[in-house]
Amino acid sequence: TNNAAILRTLVTWADVAPTKPASAANPFDPAYRFDDIDEFVRNAQAQGSEVLMTIWGTPKWANGNKGRNYLPTSMADFQNFAKAVASRYSGRNAGLPFVRFFGIWNESNLGLFLSPQFNSKGDIVSPAAYAKLAAAGYAGIKAGNAKALVAIGETSSNGRDKKKAGASDSVKPGTFARLVAKANKNLKFD
């Protein structure tokens, strides 16, 4: 048996929405592929655990054919997806359990998950980009399920604050958090 109170899973937008949905805020749009997530949430509930869903990973259709670690062209696309996810697991849909905990993006201080971390001059740009993702994600999740609790700033414990040839770009977690707060002084989270 599992004694974990909370189980974390990534909800990878690019995997759930490999093609652009006709109605992105609708959790039952036929473009969505939620089967694995549905099973995870049901199994967690069956063993008495809650779920923390971390939403990340832009589909190619939403960012001009770039990788999952690049921002969507339109934050409304991400907001609508976040709304669909939170609404699907709001407890209002038969056979789909309530999910209380959500996170916005995965280790966003690492280029592996959010790029670019720096601009061509070497200035740190990822916290301001993340602040946009966090604001859109929070708004979407709360619109889909007002009872949801939203975490932001799930960072890696590593970072260097300077570009380094041959290394993955990263920003120190403390620097990242400070610059996210500076980018949006009114950023909401629970």
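**Entry 1: aromatic rings.** I began with the rings and found that ring pairs link Trp13, Tyr32, Phe34, Trp56, Trp61, Phe78, Phe81, Tyr89, Trp105 and Phe113 into a cluster. For my search, rings of Phe, Tyr and Trp (its six-membered ring) pair if their centres lie within 6.5 Å; planes under 30 degrees apart count as stacked, over 60 as edge-to-face and the rest as tilted.

A note to myself on what I am looking at: this is a predicted model, where local features need pLDDT of at least 70 and side-chain atom pairs count only at pLDDT 80 or more, while totals for chains, interfaces and linings use all residues. Residues are numbered from 1 along each chain as its sequence is written, and side-chain values use heavy atoms, with hydrogens and water left out.

Searching the whole structure gave me eleven aromatic pairs. I looked up Tyr130 with Phe176: the ring centres are 5.6 Å apart and the planes are at 55°, so I logged the pair as tilted. Tyr130 sits in helix 4 and Phe176 in helix 5 (residues 173-183), so this pair ties together parts that are 46 residues apart in sequence. Helices (H or I, at least four residues) and strands (E, at least two) are DSSP runs, numbered from the N terminus. I found both Tyr130 and Phe176 buried, meaning under 20% relative accessible area, with exposed over 50% and partly exposed in between (1.4 Å probe, protein chains only).

**Entry 2: helix 3.** I checked the length of helix 3 (residues 75-88): at 1.5 Å a residue its 14 residues should span 20 Å, and the end C-alpha atoms are 20 Å apart, which agrees. The expected span is 1.5 Å times one less than the number of residues. Among the buried residues of helix 3 I noted Phe78, Phe81 and Val85. The buried residues of this helix pack against several elements, including strand 2 (50-56), strand 3 (101-104) and helix 4 (126-144); contact here means heavy atoms within 4.5 Å.

**Entry 3: strands.** Which way do the residues of strand 3 point? Phe101 and Gly103 point one way, Phe102 and Ile104 the other, and all are buried. In a regular strand the side chains alternate between the two faces of the sheet.

I then followed the pairing (at least two DSSP bridges between two strands). Strands 2 and 3 run parallel and are joined by four bridges, with Thr54 opposite Gly103. Three bridges join strand 3 to strand 4 (residues 149-151), also parallel, and Phe102 has Val150 as its bridge partner there.
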